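Please have a look at the model below before reading on.

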Amino acid sequence: MRHFLMALALTAGASLLPLIDPAAADAGKPRSYQIVIEKFAFSPARLTVKPGDTIEWINRDLAPHTATAKDASFDTLRLKRNETMRAVAGSPGVVDYICTYHPNMKGVIVIVDGPAL
Amino acid sequence: MTKKLMIAALALVAATGMASAQDKLNDLEIAHAAYTADVIDIRYAHIALAISDTPAIRKFAEAMISDHTAVNEGAGALLKKLNAAPQDNAFSQALLKGAAEKQAELLSLRGDAFDKAYASNELGYHQTVNKILGETWLPIVDNAELKEFLAEALVTFKAHEAHAGLIAKMAK
């Protein structure tokens, strides 16, 4: 069982994704979400998505960070300021993640199947 | 006096002792002192990676290298943009002198004794530098961009102080 598909390309610069894509939501298609890393915290710290949804992490801090799943299902690796990394949600489950440099930074992705959230 | 209180007291003494050297620095001297403080902590981290086998200590040291390097790269980019160069000063020299003595002490230690000394030093060092940066330097920095940059750096250093508190507790 894989909670995440491979993380997609690392990009630098401004975010390309809105928090939620209304058009995609209306059509029942996969959505895109963004988690902002700022002031040594993930925001939102807890995010619920569906299989096929895309999650993007963007680092706004001066300090580099990672978003690294405890079950190894995804890892953004080292994100410098304004760099982003995306991952696509796979099978349902709860995935806890941390920043490997600053392990007191914690987040959780909940992947649920079923009707629209 | 508890160990925690002793560490806090030592940090305060260190800050007081440096007071005469860090009064009335100009922007470029503050930039130099902040850069020097970063470099010193990177050196401590490299010593930790060379000596300690404790995963939590090594992870902390790796974070210090990553973060302080990023801060100094950001500072360098800002100074280049401002077409300015940092200026050496008595406070930077005092920092380097104190660091040389601490590095010699750390290099003589091994095992748990090293972990305890490194963690305690990281906590005290960040407490001292954060106090000076937040209470003395930030209020007197003239350049708005440098002030904003240093305020953001302080967010990073305060996170380090909290992290150092955890490893210091672990290494007791």
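This is a predicted model: local features need pLDDT of at least 70, side-chain atom pairs count only at pLDDT 80 or more; totals for chains, interfaces and linings use all residues.

1. Make-up of chain A. Chain A holds one helix and nine strands. Along the sequence the order is β-α-β-β-β-β-β-β-β-β. Of its 117 residues, 36% are buried. Take the contacts in chain A between residues at least 6 apart in sequence: 57% of them join residues at least 24 apart.

2. Neighbours of strand 9. Strand 9 of chain A covers residues 106-111. It pairs with strand 4 (residues 46-49) of chain A in parallel, through four bridges. Here Leu47(A) sits opposite Ile109(A). Strand 9 also pairs with strand 8 (residues 93-98) of chain A, antiparallel, over six bridges. In this pairing Val94(A) has Val110(A) as its bridge partner.

3. Faces of strand 9. Side chains in a regular strand alternate between the two faces of the sheet. Strand 9 of chain A has Gly107(A), Ile109(A) and Ile111(A) on its covered face. Lys106(A), Val108(A) and Val110(A) make up the uncovered face.

4. The contact between chains. Chain A contributes nine residues and chain B contributes 13 residues. The chain A side comprises five nonpolar, two polar and two charged residues.

5. Helix 6 of chain B. How far apart are the end C-alpha atoms of helix 6 (residues 111-140) of chain B? They are 42 Å apart. At 1.5 Å a residue, the 30 residues should span 44 Å, so the two values agree.

Notes. Residues are numbered from 1 along each chain as its sequence is written. Chains are lettered from A and ligands numbered from 1 in the order in which they are written. Two residues are in contact if their C-beta atoms, placed from the backbone, lie within 7 Å. Ala, Val, Leu, Ile, Met, Phe, Trp, Tyr, Cys and Pro count as nonpolar, Asp, Glu, Lys and Arg as charged, and the others, Gly among them, as polar. Helices (H or I, at least four residues) and strands (E, at least two) are DSSP runs, numbered from the N terminus. The expected span of a helix is 1.5 Å times one less than its number of residues. A residue is buried if 20 or more other C-beta atoms lie within 10 Å of its own, exposed if 12 or fewer, and partly exposed in between; C-beta atoms are placed from the backbone. Two strands pair if DSSP finds at least two bridges between them.
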